[in-house]
Amino acid sequence: MSKGFFRRNYHRIILTGIIAALFINKLPALFLPHFWDDAWPYATGVHIMYEHGLSLMPGAVPFDVSRGHPLLFHFLFAGWMKLVGTSLFGMHFFSFLISVALLMAVYFFCRRFFNREVAAWACVLLVVQPVFAAQTGLVLPEMLLALFGVLSLFFYLQRKNILYIIFATCMMLTKESGAVLVAALLLYELTNSFTFINKKVSKREKIVQLAVILLPMIFFSLFFISQKIKTGYFFLPLYKSEENFHLSTILTKLHDYSAYFFVYQGKNIVSATILVSLLWMWVKKISISDEQRKIVLLFSELIILFLIFSSCNFYSPRYLLFILPLYIMLTSFLLTQTFSILKIAKVILWGTILVVSLTYCFRKYPVNDHTPSYVDAVIVNREAVNYLEEKNLFESKIGTDFLMSNYLTNRFCGYLSRNKTFTKVVSIKSGDAEFYVYCSFDNQNDFADYEKRLKLNLLKRFEKNYSWTEIYSVQ
């Protein structure tokens, strides 16, 4: 092939290489059992819908399993399983495909509104974010939510109203937090006369524009009205806890979410790069188009609103995956635009960001569902379950934590090697079991007291890097 071909298509070649590298890296994990919320409630809910029939209506998945969320996520995964079967690989591969679709959506968004260089760098930077690397392949809704969010913005900014309505509706029927994006668009329209049309917008056009933004809320509301009629609740009562709305609690979580989003996992380098880029643009009076300026402002507004919204909910860093692509696109655009002439500075900054991000991707701690180290936890838990099966302890009383309890009693989690569950699993705090299973990553800080009081004898320890699971018998 000629040099001209590579020069014209190197951005697509980079995207293809990123997807191939991501697949090779994630392939072993696609065969593993589910982990944490991936196991319950999401994979469990998907299997229930698969067995009882596809539906978007409340009640298609039991309320305590669906957690009161809309059911498009379960519907799509269960539909995929109808085509390819119920294997662990099949479920995780569908999640992988959603991640690839998100990468491609980011690429085409940046190519349309910025340029191909920004698009290529945004994809590179997104794929080396630990939370993206971890969520790729897990049966969790955040990746799908982010995909629909980017597509909603992509089509709305081009005034392709039908496609915006479709994808914004899908976004909110995946998870209710998608409504923040609609709220951000509405707020921006009302406060900034947001338009990319180079003419004065009439009052009628503005009303139509606002109606288009709000239309997906109608379909979204219908689900929760139906859920209220059927269950008596709009939302799971757990999510409406008064504690979530105390000002001190909100401020604490806002601090924690902001620190995670702007500082942790090497994102302090990303944030510093944005600040340096903005300062340099101001000093050098570097201009950007009106369209790009409005995108920067809209993205910034949406990120702030989502951080505030998340602070009124449970603290779970993976939720922020919804706004991470926007932040990455902003970083790629500002850095590329600011240092278009200072190419050496641009290469140094990009190199630093990528090295730091990759370092966190390959770290083996902490162990959770927003870092790739979760794989180690899955492996040691699977080994522990297989050991208990080999010892034929299905009828023995086993004390353990919440995660392992699900793995031993729930056939949908993927840990049981046969269609037989453990029937006498109790809380590790009960103190009256014959055997105890303790995991390093499940925060049972008082287990040492149980071990001493109950005179436990260590039977087996399974360990991989910073993850381990121990099995004890009572002396």
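Predicted model: local features only at pLDDT ≥ 70, side-chain atom pairs only at ≥ 80, totals over all residues.

Reader: Which helix gives the most to the lining of the second largest cavity?

Author: That is helix H8, spanning residues 142-157, which contributes four residues. When the lining is sorted by class, seven of its residues are nonpolar, one is polar and none is charged.

Reader: What is the volume of the largest cavity, and which residues line it?

Author: The largest cavity holds about 40 Å³ of space, and around it stand Val-131, Tyr-260, Phe-261, Lys-267, Leu-320, Leu-321 and Leu-324. Here the classes are six nonpolar, no polar and one charged.

Reader: Now for the sheet: in what order do the strands lie?

Author: Five strands make an open sheet with mixed pairing, and the order is S2-S1-S3-S5-S4. Strand S2 (425-427) and strand S4 (456-464) are at the edges with a single partner strand each, so one side of each has no neighbour in the sheet. From one strand to the next, the twist averages 25 degrees.

Reader: How many bridges join S4 to strand S5, and how do the two run?

Author: Eight bridges join S4 to S5 (residues 467-474), and the two run antiparallel; one example is Lys-460, whose bridge partner in S5 is Ile-471.

Reader: Which helix lies across S1, S2, S3 and S5?

Author: Helix H18 (residues 402-409) does, running at about 135 degrees to S1.

Definitions and conventions:
Residues numbered from 1 in each chain as written. Heavy atoms only, no water. Pairing = 2+ DSSP bridges. Axes fitted to C-alpha atoms, helices over the stretch in contact; angles between N-to-C directions. Contact = heavy atoms within 4.5 Å. 1 Å grid on protein atoms, 1.4 Å probe; cavity = no way out; pocket = protein on both sides within 12 Å on 5 of 7 lines; lining within 4 Å. Points joined across faces, edges and corners; volume = space filled by probe spheres on them. Nonpolar A, V, L, I, M, F, W, Y, C, P; charged D, E, K, R; others polar.
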